[in-house]
Amino acid sequence: MFALKRKGVFYGYREASLMKMTVKRLYETYETQTDKKITLFGWVRNHRSQKAFGFINLNDGTFFETIQVVYEADHLENFEEIRKTRIGASLRVEGVVEATPNRPQPFEIKARSIEIVGDSEEDYPIQPKRHSREFLREHAHLRSRTNLFTAVFRIRSLLTHAIHTFFQDRDFIHLASPIITASDAEGAGEMFQVTTLDLENTPKSEKAVDYSKDFFGRKANLTVSGQLQAEAFAQAFRDVYTFGPTFRAEKSHTATHASEFWMIEPEIAFADLEDDMDLAEEMVKEIIGYVMKHAEKEMAFLNKFVEKGLLDKLQNVMQSKFARITHREAIDILKQAKVAFENEPSYDRDLATEHEKHLAKHFDAPVFVTDWPKHIKAFYMRLNDDKETVAAMDLIVPKSGEIIGGSQREERYDVLLKRMEEMNVDSEELKWYLDLRKYGTTPHAGFGLGFDRMLMYITGVANIRDVIPFPRTPKNCEF
RNA sequence: GCCUCAGUAGCUCAGCCGGUUAGAGCACUUGACUGUUAAUCAAGGGGUCCUAGGUUCGAAUCCUAGCUGGGGCGCCA
């Protein structure tokens, strides 16, 4: 085997890496490949053997569909060995392409030789039948070989590309905002501490831990947001975005929370809240369109087996004009609704999950809620003229609730400083952030999109742990 | 953190108002089958009934505690 590999028999990269035959390429070109001899590598998804011939459904990861490989005793020296191939085994298949217009699949491979590259043992847990998501979560290293997870993770990859494409097409600069940060000023949730101190024997002065002895000479954490750094870049490049991992140490136990997730945070200078919402709306529509165009098979599968009406839902989002209402108007709608909410809607308070669901249903389309009471929002959001609300916006979508939160940022030095004092944010620690308002400040705005939640929305998958390859949640750091 | 449901074969589950030898389908093994499509048919192997205590002549079944997982709420993206 290794000798084969050294000779380049597996891939033939040296000669023609771009012409590597894959299941995807075959599906694209099979009409012109009839009777041609090809070589495929892949894994057995299903296998049905009979006395003198058999059928193997081969998947090589490049395409959602499998290819049916037909093998016959007459053509294989190792027929008896191949007949016993189990699901999960990896194979090298040489064969001839044959069009099969009268069968469920458009073409198949008549095998001329099959070599077992790696056998799969009897207790391979993934079977050709429906498995529970819970079971597959516990086999996260194998679940990506199932239909559902091939679909989800290919779409995840496409969605990443769609987001970069959207921003790069508009000349946004991508910045890698820091993952380790000493600032916890944003107050966006519990943080994971990063330290090289010996926790069994921490240096102390008086009673407190002496962080001057720690790696950075101060207390450090994993980031909860790259926004503040993005703002700094926006004041140089005008339009920028971050796209990276984010960490929250909350002990949340829900289908929409993970300890490690990815966020997209665009930040635009010389822009107000309306521009911000325009950007968000355009982005949501475009990235959905990209996925629907580039993952047709996967989306059709999800539409059929995961969320009935998924395609209609997404079409509706792409065609609709997102509603825009103020927080006050939202509360009015809720108060007038003939629904007994567990939480009484209040002009003074945040929307509960049940409120978001009602609003999404009320409009039957995504809806921006703007102008929130200042005391329930972050210090950096721009104070409106009424002095009571801030120029914030949340985008609420049917079925998934809030997927975007954004705001116009407070660009006025004095107002920002006052808000920091009111909200007990240490202005010394964020001196650099205040500096941005001293040297050529601009009206600017931005938002944060929870990438994994967006993926849930697009795939219809209801649990965030099923859209993250190896999810991290409280008490769960397997794999 | 709070409320709730569950844990029986590799998987999905039945059995659970206590009763002696714990079942089914799929998977696996062996065989049959000349075109299968989650193929079909026959036979076979496979169990810490989550763990620890308790009640009882007897516990998968009842009680207590714990562990693990699901769902809902809260915190948030």
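Is Arg437 buried or exposed? With a relative accessibility of 5%, Arg437 counts as buried, where buried stands for under 20% relative accessible area, exposed for over 50%, and partly exposed for what lies in between (1.4 Å probe, protein chains only). The model is a predicted one, in which local features need pLDDT of at least 70 and side-chain atom pairs count only at pLDDT 80 or more, while totals for chains, interfaces and linings use all residues. Residues are numbered from 1 along each chain as its sequence is written, chains are lettered from A and ligands numbered from 1 in the order in which they are written, and side-chain values use heavy atoms, with hydrogens and water left out.

Arg437 forms a salt bridge with Glu231, and their closest N and O atoms are 2.8 Å apart; the term stands for a side-chain nitrogen of Lys or Arg within 4 Å of a carboxyl oxygen of Asp or Glu. Because Glu231 lies in helix α8 (residues 227–237) and Arg437 in the loop between α15 (431–435) and β18 (444–450), the pair ties together parts that are 206 residues apart in sequence. Helices (H or I, at least four residues) and strands (E, at least two) are DSSP runs, numbered from the N terminus. Glu231 is buried as well, with a relative accessible area of 0%.

By this rule the count comes to 30 salt bridges. One of them joins Lys297 and Glu65, at 3.6 Å from N to O; since Lys297 belongs to helix α10 (residues 296–305) and Glu65 to the loop between β2 (53–59) and β3 (67–72), this pair ties together parts 232 residues apart in sequence. Lys297 is partly exposed, at 37% relative accessible area, and Glu65 is also partly exposed, at 27%.

Turning to the strands, β15 (367–373) has six of its seven residues buried, so this strand is largely enclosed by the rest of the structure. Strand β14 (residues 323–326) pairs with β15 in the parallel sense over four bridges, pairing being assigned if DSSP finds at least two bridges between two strands, and Thr326 stands opposite Thr370 in β15. On the other hand, β15 and β16 run antiparallel and are joined by six bridges, with Val367 opposite Ile396 in β16.

The loop between β15 and β16 (389–397) holds Asp386, which is partly exposed, with a relative accessible area of 43%.
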